[in-house]
Amino acid sequence: MSRYPRLALAAALICICLPLANAGAGKLGLGREAKPEEIKAWDIDVRPDGQGLPPGKGTVAQGEPIFQEQCASCHGEFGEGKDRWPVLAGGHGSLTHDRPEKTVGSFWPDASTVFDYVKRAMPFGNAQSLTDDQLYAVTAYILNLNDIIKDTTFELNQSNLASIKMPNKGGFYDDDREQTEKHFWGAKACMKDCKAETKVLNRARMLDVTPDAKTGPRVD
Amino acid sequence: MTKHAIDGSASPTGHASRRRFLTGTLAGGLVAAGGSEAFAQGRKKKPIGPNPDNQPPNVPDWSKTLGDGVADHPYGKPSKYEAHVVRRDVEWLTASRQSSVNFTPLHELDGIITPNGLCFERHHGGTADINPFDHRLIVHGMVDKPLIFSMDDIKRFPRYNRVYFLECAANSGMEWRGAQLNGCQFTHGMVHNVMYTGVRLRDVLEEAGIKAGAKWLQVEGADSAGMNRSLPMQKALDDCLLAFKMNGEALRTEQGYPLRLVVPGWEGNLWVKWIRRIEVGDMPWQAREETSKYTDLMADGRSRRFTFAMDAKSVVTNPSPEAPLKVKGRNIITGLAWSGRGKVTRVDVTLDGGRNWQEARIDGPVFDRSLTRFYVDFDWQGQELLVQSRAHDETGYVQPSKVELRKVRGVNSIYHNNGIQTWLVRANGETENVEIS
């Protein structure tokens with residue numbers, strides 16, 4: 001019941017506002033104008049060009065205790081990953097290996113992604129709990145674990161984060177399946193006497209040919 | 001060969017876990033062959049089997065006594081004899097149950113629609129339990145006027161009903177290096193097919209007014225992972241929906257209640273659930289889920305990104321490891337085919353490992369970017385079978401073999417494995433996940 005008085009009040013406020021901020025810009029007149037403070041509170045994304053970075057700063061040294069307290073229980077003291085939690089550091093040069101290790105340092109193309117992701121989703125189960133200064137510091141520390149920022153006194157901030165160069169920045173290209181896999185289109189689908197014999201090469205049940213899960217690629 | 005974990009993670013006790021898992025699957029398959037029994041995640045339930053007392057010439061109890069009345073089940077559930085038809089997960093694949101996945105029991109379903117409670121789940125920070133009265137969608141960025149919508153506002157836009165499949169980009173991702181998971185639910189169960197009711201994303205964006213130069217959207221969920229992706233404006237204006245109903249009823253919590261994005265034909269991760277915010281911009285955001293994850297690592301160490309469309313794919317769901325053949329004589333092979341680029345036009349099936357193929361019979365509606373059901377009715381004399389299916393779509397794409405796929409993509413891409421699946425059916429009907437030459 002206690003909801004109704006508040007609803008009535010809200011309705012009254014909306015009625016007062018309506019003539020001023022009448023609904024959408026479009027022809028249907030649906031929704032209402034979002035207030036700057038509403039957008040600001042929810043607009044947490046950060047782009048590689050730095051758009052969205054909040055004011056703030058933090059050094060590698062400041063990030064270390066935050067990381068050890070907030071992150072290390074899953075990601076390990078050195079970002080090596082505990083149990084099955086993601087490995088954050090290492091794996092440099094491993095992308096062509098049989099067992100690639102895709103970490104922030106070996107794989108991620110943009111430093112902004114670390115800030116964006118940690119801000120929105122970490123610590124796991126306590127999202128959006130770190131201050132912006134703590135986020136800069138933790139990001140600096142993770143980059144330090146990957147030897148991308150070597151100086152522990154380095155201060156990461158709103159104006160220099162976008163200039164951090166990531167080792168695998170050039171390692172990505174847009175979907176080219178329609179060119180490189182063109183032969184899958186219009187492929188001849190043989191229907192009769194397509195091959196002489198068929199051998200079973202491997203079986204899900206042959207446990208001894210399936211190596212340990214620890215070395216497998218990751219999907220999350 | 002290696003074992004693929006599905007999350008940033010690999011099992012420290014992989015071998016033991018795997019053995020447990022495979023044993024469970026095997027046991028389930030064998031029990032299923034003998035009758036029907038539920039087993040779930042290693043917790044065995046009391047077997048349900050045939051009872052001659054209920055069969056002719058006897059008259060069973062249910063023909064003599066009154067059953068439940070109309071007030072007993074205000075929201076209906078499947079028969080208790082179907083209790084084994086559930087989503088299952090593979091514990092060792094992920095570090096936590098909140099950032100994890102479970103799988104649709106494809107081998108237990110028919111037709112093309114996936115029941116709401118069986119649609120596989122993939123969460124990055126658990127489900128968000130949202131009060132619809134409090135849910136808000138903000139549209140801002142490069143727009144004439146930033147807008148905020150309540151659910152009531154959203155439902156006042158013109159509505160559309162469309163059936164689309166949603167497939168996780170990592171479906172079959174554990175199979176890149178060879179046959180690994182012995183069950184159709186686990187190899188192919190990260191797909192579902194639902195009729196959505198929703199409004200066009202285009203209409204919502206145009207209500208705010210799109211500024212010149214806007215090319216991308218950031219779409220973001222209200223869950224504790226704030227799941228965010230970049231979506232090309234062209235796709236947003238073309239066919240995306242903001243959906244609030246699935247198969248006629250409200251979205252299930254785990255499918256994004258009260259509002260989710262529908263991105264027809266494109267990888268499931270883009271279909272942001274619990275959508276709370278759309279920011280319009282002029283470049284992609286390079287979010288974690290489109291850089292660190294959901295990019296496809298090729299053999300040369302470089303990675304494809306923005307591989308949005310799901311390639312044509314199919315799988316025989318019966319027989320499969322969980323659904324072995326039980327009797328000789330008349331049998332039905334059935335399965336599902338789909339393509340992220342249009343309608344499925346044809347499905348071929350082989351019983352001899354690809355030496356000879358026949359065209360399967362497609363039945364039920366064939367919608368654009370929807371699961372499509374196929375059948376082959378055949379007589380089985382107890383001979384060993386190597387069963388495969390091959391999908392064709394209306395763009396002329398023919399589903400490749402895993403060998404052909406690996407030639408282009410190597411074995412480390414994790415995502416977008418649409419290679420042809422092989423099931424070995426043994427003389428006793430037992431069915432196994434294999435790869436063949």
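This is a predicted model: local features need pLDDT of at least 70, side-chain atom pairs count only at pLDDT 80 or more; totals for chains, interfaces and linings use all residues.
## Chain B as a whole

Chain B has 437 residues, and 65% of them are buried. Its secondary structure comes to six helices and 25 strands. The accessible surface of chain B is about 15500 Å². Carbon and sulfur atoms supply 51% of that surface.

## Confidence in chain A

Chain A has a mean pLDDT of 87. In this chain, 82% of the residues reach 70 or more.

Over residues 11-22 of chain A, pLDDT stays under 50, and the model has one contact beyond four places in sequence for them. Over residues 207-220 of chain A, pLDDT also stays under 50, but here the model has 63 such contacts.

Strands of a sheet pair through backbone hydrogen bonds, either parallel or antiparallel.

Look now at strand 24 (residues 422-425) of chain B. Three bridges join it to strand 23 (residues 385-393) of chain B, and the two run antiparallel. Across this pairing, Val387(B) stands opposite Trp423(B), and Leu386(B) stands opposite Leu424(B).

Strand 24 of chain B is also joined to strand 25 of chain B, by four bridges, again antiparallel. Here Leu424(B) stands opposite Glu432(B). Strands 24 and 25 of chain B form a hairpin with five residues between the strands. In this hairpin, Gly429(B) takes a positive phi near 95°.

Where do the side chains of strand 24 of chain B go? Thr422(B) and Leu424(B) point one way, while Trp423(B) and Val425(B) point the other way. All four are buried.

## Strand 18, an enclosed strand

Strand 18 (residues 329-338) of chain B has 10 residues, and eight of them are buried, so the strand is largely enclosed by the rest of the structure.

Strand 18 of chain B pairs with strand 17 (residues 313-318) of chain B through five bridges, running antiparallel. In this pairing, Asn318(B) has Thr334(B) as its bridge partner. Strand 18 of chain B also pairs with strand 22 (residues 372-380) of chain B, in the antiparallel sense, over nine bridges. There, Gly335(B) has Phe374(B) as its bridge partner.

## Two helices

Helix 4 (residues 201-208) of chain B is largely enclosed by the rest of the structure, because six of its eight residues are buried. They are Leu201(B), Asp203(B), Val204(B), Leu205(B), Glu207(B) and Ala208(B). Just after this helix, Gly209(B) takes a positive phi of about 85°.

Which residues of helix 6 (residues 402-409) of chain B are buried? They are Lys402(B), Leu405(B), Arg406(B) and Arg409(B). Seen down the axis of helix 6 of chain B, these buried residues fall within an arc of 100°, so they line one face of the helix. An α-helix has 3.6 residues a turn, so residues three or four places apart point the same way. The buried residues of helix 6 of chain B pack against helix 7 (177-180) of chain A. They also pack against strand 15 (296-297), strand 16 (303-305) and strand 25 (431-436) of chain B. After helix 6 of chain B comes Gly410(B), with a positive phi near 70°.

## A buried histidine in a loop

His135(B) is found in the loop between strand 4 (122-123) and strand 5 (137-141) of chain B. Is His135(B) buried or exposed? Its relative accessible area is 4%, and buried means under 20%, so His135(B) is buried.

What is His135(B) in contact with, leaving aside its neighbours within four places in sequence? Its contacts include Ile130(B), Phe149(B), Ser150(B) and Met151(B). Also among them are Pro258(B), Leu259(B), Trp274(B), Ile275(B) and Arg276(B).

Definitions and conventions: Residues are numbered from 1 along each chain as its sequence is written. Chains are lettered from A and ligands numbered from 1 in the order in which they are written. Side-chain values use heavy atoms; hydrogens and water are left out. Buried means under 20% relative accessible area, exposed over 50%, partly exposed in between (1.4 Å probe, protein chains only). Accessible areas come from the Shrake-Rupley method with a 1.4 Å probe; for residues, only the protein chains shown count as cover. The arc is that of the directions from the helix axis to the C-beta atoms. Contact means heavy atoms within 4.5 Å. Two strands pair if DSSP finds at least two bridges between them. pLDDT is the predictor's confidence in each residue, from 0 to 100.
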